[in-house]
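Morning, everyone. Please have the sequence and the model open on your screens. I'll keep this short.

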Amino acid sequence: MQAYRFNHFVDCVQHTYKTEGFKGFWRGCLAPMASVTLVRTISFSIYQKAKYTYSAAIGRAIGEEPLVTVNRPGSIPTLGTVLCFGAAGATAGGAVAIIACPFELTKLSAQISVLMADRNKSSVQDPVMTSYQQKGTFNTAKNIILHRGVMGLYSGFGFHLLRDTIGTAIYFTTYESGKQLLVKFQGSNSPTSPSSVAVAGGLCGLVSWACIYPIDSAKTHYQRNCLTKAKGQPVKIPRIQFNKAAMYRGLGVSMARSCLINTIFFSSFESLKKKINSLPDPVE
């Protein structure tokens, strides 16, 4: 729905089924399946390391570390905690963008290849555009390199970096601050009560996507345009417009998906972390 205009969500579903069948709903799934574990692992590892580093630095500046404040029962978010989580999230998001960009471009190409041809019918077939049709994930990546060079895999990287830096900062700040507030209102002594973790996890997915969706739409439009051009040909750079309704097409679906996934993810993550932390230290 971001890449091309549809009347509504059902219209998009009907068109996909009509032109591609059931397999169209899973087109391009190999790229995110291959990258999601790697990207998530690296992102959370960098975030955890950066969080403690920034907390120590802020603690030296103001006299108390934000992580000490967060773990104190009954505490609420402060400027220090927001800065700590936001900076750590931005660091993690910016770092993983380097890895994630080629996977996202390959996924997008595989997903909209049939739609590109359908929306650009003419008497003269575009050899660049048609070369992407009905290709698997890895052949799609090879095609991108063929037409735009190795750096073609990083088409739209500027948009991607901006989206992930801002989005991940908002993502972790919302999660950590939301969890902290929910724990306070519940009167719980545990900073990771299951219900607060689940709600904060879903909330961070909703808020982050709502804030950065126009950036993601601009990235999608630019990458789509790149797929119709060979190396050296000019590509129109879209503007990021937060006040334009068209930039929010498909937001509801993305927010619903992100809310569900992050509710499950953070509940599993915090539960496993508790179990790992409770394990006895190895005997030396």
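First, the ground rules. This is a predicted model, where local features need pLDDT of at least 70, side-chain atom pairs count only at pLDDT 80 or more, and totals for chains, interfaces and linings use all residues. Residues are numbered from 1 along each chain as its sequence is written, and side-chain values use heavy atoms, with hydrogens and water left out.

Now the overall picture. The protein chain has nine helices and zero strands. Read from the N terminus on, the elements go α-α-α-α-α-α-α-α-α.

How much of the protein chain is buried? Of its 284 residues, 45% count as buried. Buried means under 20% relative accessible area, exposed means over 50%, and partly exposed is in between, using a 1.4 Å probe on protein chains only.

Next, contacts, meaning heavy atoms within 4.5 Å. Take those in the protein chain between residues at least 6 apart in sequence: 75% of them join residues at least 24 apart.

On to helix packing. Axes here are lines fitted to C-alpha atoms, for helices over the stretch in contact, and angles run from 0 to 180 degrees between N-to-C directions.

Start with α7 and α8. Their axes come within 7 Å and cross at roughly 160 degrees. Therefore α7 is roughly antiparallel to α8; the cut-offs are under 35 degrees for roughly parallel, over 145 for roughly antiparallel, 65 to 115 for roughly perpendicular, and oblique for the rest. The crossing of α7 and α8 is right-handed.

Ala, Val, Leu, Ile, Met, Phe, Trp, Tyr, Cys and Pro count as nonpolar, Asp, Glu, Lys and Arg as charged, and the others, Gly among them, as polar.

Now α8 and helix α9, residues 251–277. They pack at an angle of about 145 degrees, with axes 7 Å apart. Their crossing is right-handed. On the α8 side, the contact includes G201, G202, C204, G205 and W209. On the α9 side, it includes C259, N262, T263 and F266. By class, the contact of α8 with α9 has 11 nonpolar, eight polar and two charged residues.

The remaining pair here is α7 and α9. Their axes are 13 Å apart, at an angle of about 65 degrees. α7 passes α9 in a right-handed crossing. Y171, F172, Y175 and K179 of α7 meet N262, F265, F266 and E270 of α9. Those residues divide into five nonpolar, one polar and two charged.

Now the core. A nonpolar core is a set of buried Ala, Val, Leu, Ile, Met, Phe, Trp, Tyr and Cys residues joined through side-chain atoms within 4.5 Å. The largest has 17 residues, and Y47, F85, Y171, F172, Y175, C204 and F266 touch the most other members. α2 (30–62), α3 (66–70), α4 (79–119), α7 (157–186) and α8 (194–226) each supply at least two residues of this core.

Which residues does F266 touch, not counting residues up to four places away in sequence? They are F44, Y171, F172, Y175, V197, G201 and C204. A second, separate core of six residues includes F159, A218, Y222 and C226.

Y222 sits in helix α8. Its relative accessible area is 16%, so Y222 is buried. Beyond four places in sequence, Y222 touches S155, G156, F159, V235, K236, I237 and P238. Y222 and G156 are 66 residues apart in sequence, yet 6.3 Å apart in space, C-alpha to C-alpha.

Over to V96, in helix α4. V96 counts as buried because its relative accessibility is 5%. Leaving aside neighbours within four places in sequence, V96 is in contact with V39, I42 and S43.

Last, M151, in the loop between α6 (137–148) and α7. Buried or exposed? M151 has 59% relative accessibility, so M151 counts as exposed.

Technical notes
Helices (H or I, at least four residues) and strands (E, at least two) are DSSP runs, numbered from the N terminus. A crossing is left-handed if the near helix is turned anticlockwise from the far one by less than a right angle, and right-handed if clockwise.
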